[in-house]
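Please open the structure in your viewer and keep the selection tool at hand. The stops below say what to select next and what is to be found there.

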Amino acid sequence: MVALSVAMGLGRFAFTPMLPVMLHEGQIGLQQGGVLASLNYLGYFLGALSSAWLRVPARAMVRGGLAATAALLLGMGLLHGFAAWGLLRAAAGLASAWVFVFASGWGARRLAECGMPALGGVIYAGPGIGIAVTGLLGGAAGRWGAAWAWIAYGLLAVALVAAVWSLFGEGDAGAPTTAAPAVPNAASPDADARWLISGYGLAGFGYIITATFLPVIARQALPGSPWPDLFWPLFGLAVVPGVLIGGRAPMHWDNRLLLAAAYAMQAAGVLLSVVWPSIAGFALGSLLLGLPFTAITLFAVREARRLRGNAAAGLIGYATASYGLGQIAGPLFAAPVAQRSGSFAVPLLVAAVTLAAGAVLFVWRWRVAPGRATAG
C-alpha cells in the first residue's frame, strides 16, 4: 500500500494539484502541461510494457522504482525548464509502472500464499491515500511556490520509502515462471485476454482527462471559490473505501461485470462535471470517479490471474501498457481542444462516452462467454 502511495499518488499524480500552480506562476502553458502529463504517461506505458518481459527480482524492481520516484520528485523542484521537467516526468512514469506491476504481483502472491486474497483491496488503497495527501499539500503549494512544493513531495517520498524498504527483502515473488493452472470452461483464454487488454485501455483514456485537469476545470467553472483545490483530495479519499469494498466482492462474482459497473460509475462522474458544473456537481463527480478508480485495477488483476494464474505478470503488464496508451492520448487530445474552445466540455464528453463503451464491451463479453466467470 505504501509503495503504491509513493509510486502512484506521489510519483504520478502530484502533477495534478501542481498544474494550476505552475500555470499561475507562468512556468508552463496549458498545452505544455498536457505534454508533460502525456510524457509521464508515455513513461508509464514503456514501464508497463517492459514489465511483461523483464526477468528481474520483484524486490529489486520495487526498491529501484521507489528510490527513483523520490529522486525525480526532488528533481522537479531543483531543476528548471520545460525540457528538464519533461525528462523527469517521463522517468517518473517509467518508475511508477515498474513499482505498480511488480509490487502488485508481489503483494497479490504473498496474500495468496497466506490465504488472504481478500486483503488485496488494501494494496490498491495506496494510490488513493497518496492522491489525497498530494491534493491537500497542493492546496498550500500556491503559498510555498511550485519549487518548494515539489521538494516537499520528494522528502515525503523519501520518508515513506525508508519505512518499507526492508520489507521488500523478505522473500521474493519476482517475475513468475510457473505455468498457469488450467482454467475450467476456458476454451479461449487468449480471446478473453485480448478483450481485457482492449477494454482496460478504454479506462485509461476515460478517466485521465479529469484526473489530469480536475483543479483547472473546477477553477474555470468556479472562479474565486476555495473549493476547486479540494475536489482532487476528495477524489483520492473516495478511492480508499471504493477499493476496500471492491476487495470484499466475492471471488466467484464475474470480474467483467464488476468492471462494467465500475466503468459506468466513472462515466457518470465525468459527465457530472459537464452537465452540473457546481460545487455539488464536482463533489459528486469526484466521488463517482474516485470510488472505482483502483477497484478497476483490482478487478482487472483478478481477471488476469483467472486467465493466467501465477504466470499473470505478462498479461498484467500488457493490460497496464494498454491503459498507458489511453492515458497518453487523453491530455494530448484534451489540452489543445480546451485551449481553442476555452472549455473542457468536449473532451469530457468524449471521455464519458469512452467509459460507457468500455462498460458495454465487458457486458457483451460476459454474455458471449458466460461460463468462464470463475477461476479454478
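Residues are numbered from 1 along each chain as its sequence is written, and side-chain values use heavy atoms, with hydrogens and water left out.

**Confidence**

Colour the model by pLDDT, the predictor's confidence in each residue, from 0 to 100. The protein has a mean pLDDT of 88, with 93% of its residues at 70 or more. Helices here are DSSP runs of H or I with at least four residues, numbered from the N terminus; confidence is lowest in helix 6 (residues 120-123), at a mean of 84, and highest in helix 11 (residues 255-275), at 97. Now select residues 173-187, where pLDDT stays under 50. Where pLDDT is low, the predicted coordinates should not be read in detail.

**Aromatic rings**

Which residues form one aromatic cluster? Select Phe 13, Tyr 200, Tyr 207, Trp 232, Phe 235, Phe 293 and Tyr 323, which together make it up. The structure holds 17 aromatic pairs, a pair being two rings of Phe, Tyr or Trp (its six-membered ring) with centres within 6.5 Å, called stacked if the planes are under 30 degrees apart, edge-to-face if over 60 and tilted for the rest.

Zoom in on Phe 13 and Tyr 207, whose ring centres are 6.5 Å apart and whose planes stand at 70 degrees, so this pair is edge-to-face. Because Phe 13 lies in the loop between helix 1 (2-10) and helix 2 (15-24), and Tyr 207 in helix 9 (residues 189-221), the pair ties together parts that are 194 residues apart in sequence. Both Phe 13 and Tyr 207 are buried, a word that means under 20% relative accessible area (1.4 Å probe, protein chains only).

Tyr 200 is buried at 4% relative accessibility, and Tyr 323 is buried at 6%.

**The nonpolar core**

Select Leu 66, Trp 150, Phe 213 and Phe 344, which touch the most other members of the largest nonpolar core, a group of 113 residues. Such a core is a set of buried Ala, Val, Leu, Ile, Met, Phe, Trp, Tyr and Cys residues joined through side-chain atoms within 4.5 Å. Helix 9 gives the most to this core, with 14 residues.

Follow helix 14 from end to end: its 29 residues reach 42 Å from first C-alpha to last, close to the 42 Å expected at 1.5 Å a residue, where the expected span is 1.5 Å times one less than the number of residues. Gly 342 follows helix 14 and has a positive phi, near 75 degrees.

Within helix 14, select Gly 330, which is buried with a relative accessible area of 0%. Gly 330 touches Phe 205, Ile 208 and Ile 209, not counting residues up to four places away in sequence; contact means heavy atoms within 4.5 Å.

Finish at helix 12 (residues 279-290), where the end C-alpha atoms are 16 Å apart, in agreement with the 16 Å that its 12 residues should span. Its buried residues include Phe 282, Leu 288 and Leu 289.

How values were computed:
This is a predicted model: local features need pLDDT of at least 70, side-chain atom pairs count only at pLDDT 80 or more; totals for chains, interfaces and linings use all residues. Helices (H or I, at least four residues) and strands (E, at least two) are DSSP runs, numbered from the N terminus. Buried means under 20% relative accessible area, exposed over 50%, partly exposed in between (1.4 Å probe, protein chains only).
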